[in-house]
Amino acid sequence: MIKGEILDVVKTINIKNSVSRIRHFEDKIGVIDKKNTYRIFKIENYELDGGFRINLPENNPIENSVDISSSGNYLAIAIKGKNKTTIWDINQKKLIHTLGWHKGEVLSVSFDNEENYLLTGGMDGRGYLWSIESGGMVLSLPPHPDYILASSFSKNSLWCATGSYDRLISIVNITSININYRKKSHRGAITKIIFLKKYMISGDKTGEIIVWDYTKGKIIAKLSGVSDMVIDMVTDEKEEYLFVISKEKKVYLYSLNEFELVTDKFIKLNEFPSCLEFVGEKSELLIGTLSSSIYVYNIFSDNKKLIKFINENNYEKAYELIKENPFLKRTNEYKTLEDKWNKTIELAYKLMEKGDYDKAKFILKPFLAVPQKRTIIQNILNDFGEFEKFKQAVLKLKYPLAYSLANQYPSFKETIYYKKMENDFKKVFNKAKELIKIKGQEEKVKKLLMPFRGVPQKTPLIQALFNDKHLYDLLNTLFLKRQFDKFFELISRNPFLYESSEYENAMKYAEKLDNAIRDFLNKGEFKKVISYSNILRDFPEYKEKAEEYIKKAKVYMNFLNALSNNNFDLIEKMVIDYPFLIDTNDYQDYKKNVTNKFKQVEKYSAFGDVENILKIIKDLLKSKTFYYKIIGLIKSAYLNQLLKLLQKKDKSKLEKGINNYISYFDMDNEIKDIINIANKLNLNIKVTSSEKNKLIDLEFMPKFIWEEA
């Protein structure tokens, strides 16, 4: 068994060659090795469950030149030295597409989550989006001036990113194409990009890791600590922690809540790692190595040690272990440990309340060795040096002294004596509020409240009772009438009212309102959300939250209106501005409809059928959002028409088509490729157009590129 710095390996799989990629899907994992042998293992016991060998040149395991699709249906392998990429149907064990267009070796391939597209990036700096169904080039992404080394899709398949050797990251919204960000924020060449639900994370050759808000192209945080090239990154299933491997023999662990390094030795390895995968349902981290092994680590395997430390009352070791492995905070054993701590503190209070300080110190002793508990214990013990004086003050109704001591020694506020004192005041004060309304009862009220005279935090309440006898009635009336704007205005003028039972009741009411609003949001009852939130926002502590509820409800109502009117531009804009809409059923239904249209279009694009493209997306042609994507698909269709003319060596149509293409779309990389091929075939194409000079009207594009519109 290989021992990690923190975790021990629970299973080792040997596959004979360096491991290039591991992908978890359903109840299996797929593994591709350096020699392009694909294997499937059951995650139940990691036994081999099938696979096949592909006869292609070896891939480089620390590059991104192979990928397995999210459901394990497809495999992509860039062919070393050939400038091409292959897509394989894993279930049928056969090649379905060989993709070209690159003029340099392909260094990065990645599937989208929905298994619609493959993204390729190469030494030529070009990035292409390919249809898995048709094998056609769907879009040419903005090129990089240097090698593209990394690429990835967002979880919702709406965005993609490419990273290059010159430190440039390009983030593109593949729905609209015109929304893209190009950032040069890294110190070194980009070697890995992954998307989470909320973030995108990129790593580079120097070990720098950057967390991005990819929808705005903004940096959220920079993570330091890795001292060599980032090879792979993966998160746990909750996306709270990030595992990172570099060219060192260890695994780094980062917190994505605090954006900081937890430990640089989460797992120490005896071999150089090459890839990572996390199997959420088994809580297992899989590490592939250059030495042909896959090591399986359970992130909770330290739980046995934790149980042992807890049973031995060795709380110092227990909390040290939790600090090194924060996943243990998710276990029942951690809850047991914290419960022990809380019960120990509770018992210590009771013992000290009885004056048994020695026994209290004794039961607290095991926790004194825990740094984060030591300060709390020392404060409590220091405070209780004066506890007997406090206790006697409460029992003898010397409340000014008791409150003074409680303010000086905060631990006293957790005792039964302080709670008794507070309850006594509430009872007395509520009785006083009723008596003061009766004529001639002032002296009786004074006598009733006498023990609390001289208590600073109670004095304003008592004074107000005599000076403004109707103040509490007014406060209560405003509460009953739900006039919370005036209710809190009155409290702001009389801050001592924060101590009143009326304020306490109001806050309980606010909590009920908050729960009801969240329930209405889930049910889609947006008018009720707005109505209830208008009440809630009169509560200062809830104002921001209430306004967010109102905004969310209005956004969703506008969104539903945009959907019903087929306002595509507004729909897509709102999804970018308000990402929460992406997870709604309404947007998912809309997206499915649009995606199906584009899938049909992509198929026709691969055949060069512009006529059918325009028929299928007739209702989208006036959309500014889809304009550039549609142009990209039409460009791709025209390029496929030109490739067919090349095969036929039809110089006349080819020459006219090339010049028309340049007039519409400018002299891009793809048309240069076609001209070069034509010249190699001795067709001697005469280029009369050198730049774009025709307006594009999508409704009137020619069926064939050699024709006039």
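Two cavities of 30 Å³ or more turn up in this predicted model. A cavity here is a set of points on a 1 Å grid over the protein atoms alone where a 1.4 Å probe fits but cannot get out, while a pocket is an open set with protein on both sides within 12 Å along at least five of seven lines. Lining residues have an atom within 4 Å of a point. Grid points are joined across faces, edges and corners, and the volume is the space filled by probe spheres set on them.

A quick word on the ground rules. Residues are numbered from 1 along each chain as its sequence is written, and side-chain values use heavy atoms, with hydrogens and water left out. Because the model is predicted, local features need pLDDT of at least 70 and side-chain atom pairs count only at pLDDT 80 or more, whereas totals for chains, interfaces and linings use all residues.

Here are the spaces side by side.

| Space | Volume | Lining by class |
|---|---|---|
| Largest cavity | about 190 Å³ | eight nonpolar, four polar, five charged |
| Second largest cavity | about 40 Å³ | two nonpolar, three polar, four charged |
| Largest pocket | about 880 Å³ | 16 nonpolar, 13 polar, 12 charged |

For those classes, Ala, Val, Leu, Ile, Met, Phe, Trp, Tyr, Cys and Pro count as nonpolar, Asp, Glu, Lys and Arg as charged, and the others, Gly among them, as polar.

Start with the largest cavity. It has 17 lining residues, and L158, T175, K591, T595 and K629 lie nearest its centre. Helix 17 (585-607) and helix 19 (624-648) each supply at least two residues of that lining, and helix 17 gives the most, with six. Helices (H or I, at least four residues) and strands (E, at least two) are DSSP runs numbered from the N terminus. The second largest cavity is lined by residues including E58, N59, N60, K80 and E105.

Now the largest pocket. Its lining runs to 41 residues, with R21, R23, K155, V234 and E277 nearest the centre. Several strands each put in at least two residues, among them strand 2 (19-25), strand 14 and strand 22 (232-235). Strand 26 has the largest share, five residues.

Two strands pair if DSSP finds at least two bridges between them.

Strand 15 pairs with strand 14 over five antiparallel bridges, and F153 stands opposite C160. Strand 15 (residues 159-164) also pairs with strand 16 (residues 169-173) over five bridges. There, C160 has V172 as its bridge partner, and A161 has I171.

S157 sits near 65° in the hairpin of strands 14 and 15, with five residues between the strands. R167 is near 80° in the hairpin of strands 15 and 16, with four residues between the strands.
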